[in-house]
Amino acid sequence: MTSSPLIRALDRSAVTFILVLVAIGVIVPLLNLALPPSSPWHVPTYLVALWGKYVCYALLALSIDLIWGYCGILSLGHGAFFALGGYAMGMYLMRQIGTRGVYADPIRPDFMVFLNWPELPVYWYGFQHFAYAALMVLLVPGLLAFVFGWFAFRSRVTGVYLSIITQALTYALMLGFFRNNFGFGGNNGLTDFKDILGFNVQAQPTRAALFAISVAALILGFLICRTIVASKLGMVLISIRDAESRTRFLGYRVENYKLFVFTLSACMAGVAGALYVPQVGIINPSEFAPGNSIEAVIWVAVGGRGTLIGAVLGAAVVNYGKTTFTSGLLAPYWLFVLGSLFVLVTLLLPRGIVGTVRHYRGAWRERRNAAHGRGAQAAPKPAE
Amino acid sequence: MDARTTSALLYLDAVSVSFDGFKALNDLSLTVEAGEMRAIIGPNGAGKTTMMDVITGKTRPDKGDVYFDGSHDLTSLDETQIAELGIGRKFQKPTVFEMHTVEDNLRLALKDDRTARATLAWRETAAEQARIGEILGVIRLGPVRRRVAGSLSHGQKQWLEIGMLLAQDPKLLLVDEPVAGLTDVETHQTAELLREIARVKTVVVVEHDMTFVRELGVKVTCLHEGSVLAEGTIDQVSANERVVEVYLGR
Ligand SMILES: Nc1ncnc2c1ncn2[C@@H]1O[C@H](COP(=O)(O)OP(=O)(O)O)[C@@H](O)[C@H]1O
Ligand SMILES: [Mg+2]
């Protein structure tokens, strides 16, 4: 336990998981770019983009697992932070269009010209610079989460009440972004992107690169979360989750811990949204829909909350299922499937996929150790 | 910080708390000197736990003064601040962190920097490790140090919570019903342990069990309906007519 926090974070399953992600991040773009479409191993570009979307969802799920799985904060509005990060990126992409837009205005995006806005609103300033937009991707969700959390955690809003106000938050933002005079393209949102950092967003190499970058972001997010949960801070988070008032009586300032992870989690969700937008080519207010946030929580529940790896797995599995379902005959029933999945997991697999595997593996190890006369007794005897 | 108003470590004056009109504490006054161990007895509902809630910031009194170390007005501080001042508490219903191992429960309780930044960068020192080993010895949980606390027996949880109190190294320990649900042997051991702790700390113990209180051999305060009914040695208090009436008359 005396090793540095990062070393402690990298246990065997974490290292394995990172290696798998690295492999995916390298191999998928390679199979797309290096092989001719005729090859049976070729990964078509549309799949790269689709999987890239899953990776962004996985990062969102990871951010939810950090606060829900480890600190007991059930946010049902995390889609809002995802969407805000997406809008920040979308604003950058819009400003890259320049004179290639329908109205060929060098400064104003098409929808502003269409609405007869004489000039660019102040809050659109600076978004032509990628660095500024990237900063906003972190800052806007982070700041909103900080202010929201500051009030909510200080007034000790917990449990269902907190979940409800996070839903209200994302709902309110959705209504706002739907309005034309909000200045973000109303219900059409931001779309028709041309290029990112000078590269065509539709081009095959750009798509492959975006995929690789998304995987890299997921790995970084995973590393950050692992470092946190494997540190003493992570122990405090679990204490808060399981016995909040007890933690207070031990002298921990619970609201500060919550505020820290909540803000960090919102920033991660923002990054996920920012990487999502160039890959799907659009961001509109429906990304704020309360249902999206709830769906993301279901991914985490299915994969196993409080496991991190489970969140990533859950996002991938459920979204793969969704893609398969919604492209077939059963498309209209997807929501029923999702709902039943959630009910079934809650009833039959309350620990989720990864949680269940870990539970049985742990129990099996304990039995084996007991059979070999090791186990708990193996701990060094204290001086008595 | 204000000037010292009292020499006592813990000073409660005319404290009242009511829940929906029901007075759980009624003009309660009590002082505990530094280094003292005090036993608080009283029938169920006498207000013993509520008194601890007031001292630790969980419940705000409707009126009255609560001072710690003569200069800290506890009624204006929250749970975290009060814990930082050096008041530790064991709850009536044992509350340990069930998902953490026995060692980690102690680790979390160990006196240390409690900011999020410090806990993120935290590395265990040899001194901390030794201290945990020492406490495990005192509370006799060494052999189960790697078990999750949720799997402990009721008695072991009681002891773990006392161990957490020790790890916190507070100036004042508030111990609510430490022997509830323990066997006679365990009760006896707990009394020994608390007497040991009281040699260097100020301790307030709430307990029903008269044999246990007798074994502690300290000054006793009997609460009834939210105020002090009698105070003195165990023999004086148990000879008090009103105490007998309260305990036996119902
Ligand atoms: N939060 C509360 N709300 C309402 N009544 C309470 C609350 N806490 C305690 N009480 C009441 O106050 C009285 C004193 O309770 P308590 O301090 O727990 O007694 P003791 O610990 O001496 O058994 C009891 O009648 C109890 O029902
Ligand atoms: Mg009580």
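**View 1. Helix α1 (residues 48-55) of chain B gives the largest share of the shell around ligand 1, three residues.** Helices here are DSSP runs of H or I, at least four residues long, numbered from the N terminus. This is a predicted model, where local features need pLDDT of at least 70, side-chain atom pairs count only at pLDDT 80 or more, and totals for chains, interfaces and linings use all residues. Residues are numbered from 1 along each chain as its sequence is written, while chains are lettered from A and ligands numbered from 1 in the order in which they are written. Among the residues around the ligand are Phe19(B), Asn44(B), Lys48(B) and Thr49(B); to be near, a residue's C-beta atom, placed from the backbone, must lie within 6 Å.

**View 2. Helix α4 (residues 78-97) of chain A packs on helix α11 (residues 254-280) of chain A.** Their axes, lines fitted to C-alpha atoms over the stretch in contact, sit 6 Å apart at an angle of about 45 degrees.

**View 3. Arg156(A) has a positive phi of about 60 degrees, though it's not a glycine.** Look for Arg156(A) in the loop between α6 (130-154) and α7 (159-178) of chain A. Arg156(A) counts as partly exposed because it has 14 C-beta neighbours inside 10 Å; buried would take 20 or more, and exposed 12 or fewer.

**View 4. Arg140(B) isn't a glycine either, yet it has a positive phi of about 60 degrees.** Arg140(B) lies in the loop between α5 (126-138) and α6 (154-168) of chain B.

How values were computed: Helix = DSSP H or I, 4+ residues; strand = E, 2+ residues; numbered from the N terminus. Axes fitted to C-alpha atoms, helices over the stretch in contact; angles between N-to-C directions.
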